[in-house]
Amino acid sequence: MSTRPPVVVQPPASDGGRQVTIRGEPTGTAYSLFDVLDLVHRAGLPGEDRAVDDPELIEWRGGGPYDWNAPEPPDTPDG
């Protein structure tokens, strides 16, 4: 039986922030890996460095723990 990780980090928004939910509840916006670890720690989950790569703890959507740049805007035709 497969269970979902308690932490879900969404892809970067236009400002570079990533929405974080823990156990299905919105917990805030992270602008760095340190922000994610802080939210995880506040929720009482293990916030060790190795936890960021643990797929049983964190589901990274739209990139991984080291992807913090805002997405590139789509190309638009000149004129």
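Start with how the chain folds back on itself: among contacts between residues at least 6 apart in sequence, 45% join residues at least 24 apart. Keep in mind that this is a predicted model. Its mean pLDDT is 85, with 81% of the residues reaching 70 or more.

The protein has one helix and four strands, and from the N terminus on they run β-β-β-α-β. Of the 79 residues, 32% are buried.

| Element | Residues | Mean pLDDT |
|---|---|---|
| Helix H1 (lowest) | 33-42 | 92 |
| Strand E2 (highest) | 18-22 | 97 |

Now for the inside. The largest nonpolar core holds 17 residues, and the members touching the most others are Val-7, Val-9, Val-20, Val-36, Ile-58 and Trp-60. Strand E1 (7-9), E2, H1 and strand E4 (58-60) each give two or more residues to this core, and H1 supplies the largest share, five residues.

Val-9 is a handy one to click on. Leaving out residues up to four places away in sequence, Val-9 touches Arg-18, Gln-19, Val-20, Val-36, Ile-58, Glu-59, Trp-60 and Arg-61.

Arg-18 sits in strand E2. What about a salt bridge for this buried residue? Arg-18 has none: the nearest side chain of opposite charge is Asp-67, 5.3 Å away, and a salt bridge needs the charged atoms within 4 Å. What Arg-18 does have is the backbone oxygen of Gln-10, which lies 2.7 Å from a polar atom of the Arg-18 side chain.

Key: Residues numbered from 1 in each chain as written. Predicted model: local features only at pLDDT ≥ 70, side-chain atom pairs only at ≥ 80, totals over all residues. Heavy atoms only, no water. pLDDT = per-residue confidence, 0-100. Buried < 20%, exposed > 50% of the residue type's maximum accessible area, 1.4 Å probe, protein only. Lys, Arg positive; Asp, Glu negative; His and termini not counted. Polar contact = N/O pair within 3.5 Å; in protein donor to acceptor, adjacent residues only side chain to side chain. Core = buried A, V, L, I, M, F, W, Y, C linked by side-chain atoms within 4.5 Å. Contact = heavy atoms within 4.5 Å.
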